[in-house]
Amino acid sequence: MSADKSSSWSYAEDLPAEDDVLLRARERSFELGVTPISPGVGAVLTVLAAASKAQTVVEVGSGAGVSGVCLLRGLSPQAVLTTIDVDVEHLKAAREAFLESGSPANRTRTISGRAADVLPRLTDSAYDLVFIDADKPNFPKYVEQAIRLLKSGGTLVINDALDKDRVANPAARDATTVVLRQIVKAIRDDERLASAMLPTGDGLLVAVKK
């Protein structure tokens with residue numbers, strides 16, 4: 001990356017102004033050993049949630065509440081966010097962040113459990129947006145479930161899709177990178193989807209179900 005490109009990326013990532021609610025959520029995530037989404041990714045999530053006019057959203061991996069707060073801030077007051085996480089402490093932190101953000105309890109639903117077990121129990125074609133930011137080895141399962149869950153016109157968002165720039169490097173062959181590289185190609189070639197890769201954060205793969 002050229003110096004100018006690097007500076008532009010840093011500028012874009014630092015541009016969003018985060019308030020105390022998000023800053024506290026970040027602090028809790030770091031205390032729990034969770035890597036939250038970047039400010040740039042958070043801003044994109046808010047915009048996507050608002051632009052899509054989503055009413056029903058599923059989040060795979062709570063990020064201790066940072067991503068959920070960003071999604072909620074783009075959603076209408078009637079929309080509902082469902083957050084799935086295997087770690088109850090992460091969900092507890094997410095609920096705390098949601099409460100501090102001023103979101104009523106009936107706007108959020110937190111489910112403790114393995115996403116691979118929970119997602120199949122959710123209703124087909126019932127969701128407007130699915131955000132995936134969880135254990136990467138299971139991403140292929142999550143993506144296929146997400147496509148099933150999305151309505152026509154629904155949006156799929158995958159965080160860390162470039163895996164710290166390793167996906168773009170053919171010489172990088174570790175298991176996680178290979179999985180993500182396969183997912184990127186599969187989504188690109190899936191006739192059910194229209195997709196784009198955004199260089200925000202560590203890569204944000206966005207797709208819309210036709």
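I worked from a predicted model, in which local features need pLDDT of at least 70, side-chain atom pairs count only at pLDDT 80 or more, and totals for chains, interfaces and linings use all residues. Residues are numbered from 1 along each chain as its sequence is written, and side-chain values use heavy atoms, with hydrogens and water left out.

I noted that β6 (residues 193-198) and β7 run antiparallel and are joined by six bridges; two strands pair if DSSP finds at least two bridges between them. Strands are DSSP runs of E with at least two residues, and helices are runs of H or I with at least four, numbered from the N terminus. The β6 and β7 hairpin has five residues between the strands, and G201 there takes a positive phi near 60°.

I then turned to strand β5 (residues 150-159), which is antiparallel to β7 and joined to it by five bridges. V157 has V206 of β7 as its bridge partner.

Is β7 mostly covered or mostly open? I found five of the six residues in β7 (residues 204-209) buried, that is, under 20% relative accessible area with a 1.4 Å probe, protein chains only.

Next I examined helix α7 (residues 139-149) and helix α8 (residues 175-189), which pack at about 25° with axes 10 Å apart. That angle makes α7 roughly parallel to α8, a term for angles under 35 degrees. I recorded contacts (heavy atoms within 4.5 Å) of F139, P140 and V143 in α7 with V179, L180, I183 and I187 in α8.

Technical notes. Axes fitted to C-alpha atoms, helices over the stretch in contact; angles between N-to-C directions. Parallel < 35°, antiparallel > 145°, perpendicular 65-115°, else oblique. Buried < 20%, exposed > 50% of the residue type's maximum accessible area, 1.4 Å probe, protein only.
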